[in-house]
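Reader: I am new to reading structures. Please pick a single part and take me through it closely.

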Amino acid sequence: FVNKVFAESGMESIGSSSADMYNKTKHISKNKLREGDLVFFRTRKKAISHVGIYIGENKFVHASTSSGVIISDLNEEYYQKRFAKGGRIKNQ
């Protein structure tokens, strides 16, 4: 999903997996997030396994396997427990 959004906005892909993207971003804390930053989660044990795009006001857009593309809130218990870090593309 993230790579599709990047492609449609003229940006280059930053990796083929959530973990690749995590490794290619500048890590930032939740309270420093800006619109367009990436948000990373550990949904499968300790590895980074999910990514979304922060859209402001604690909300992010992401692809859900069960519901398609959705907007969720970082304050939801599920995401609070699994939040790893925010990520900013290093050249921004």
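**A buried salt bridge and the strands around it**

Author: Start with Arg88, which is buried at a relative accessible area of 10%. Buried means under 20% relative accessible area, exposed over 50%, and partly exposed in between (1.4 Å probe, protein chains only). This is a predicted model: local features need pLDDT of at least 70, side-chain atom pairs count only at pLDDT 80 or more, and totals for chains, interfaces and linings use all residues. Residues are numbered from 1 along each chain as its sequence is written, and side-chain values use heavy atoms, with hydrogens and water left out.

Now find the partner. Arg88 forms a salt bridge with Asp37, at 2.7 Å from N to O. The two sit 51 residues apart: Arg88 in strand β6, Asp37 in the loop between β1 (25-28) and β2. Asp37 is buried too, at 3% relative accessibility. A salt bridge needs a side-chain nitrogen of Lys or Arg within 4 Å of a carboxyl oxygen of Asp or Glu. The whole structure has four.

Next, look at β2, residues 38-41. Strands are DSSP runs of E, at least two residues; helices are runs of H or I, at least four; both are numbered from the N terminus. Leu38 and Phe40 point one way, Val39 and Phe41 the other. All four are buried. In a regular strand the side chains alternate between the two faces of the sheet.

Two strands pair with β2. Pairing takes at least two DSSP bridges. β6 (residues 83-89) runs antiparallel to β2, with four bridges. There, Leu38 has Gly87 as its bridge partner. β3 (residues 50-56) also pairs with β2 in the antiparallel sense, over four bridges. In β3, Ile53 stands opposite Leu38.
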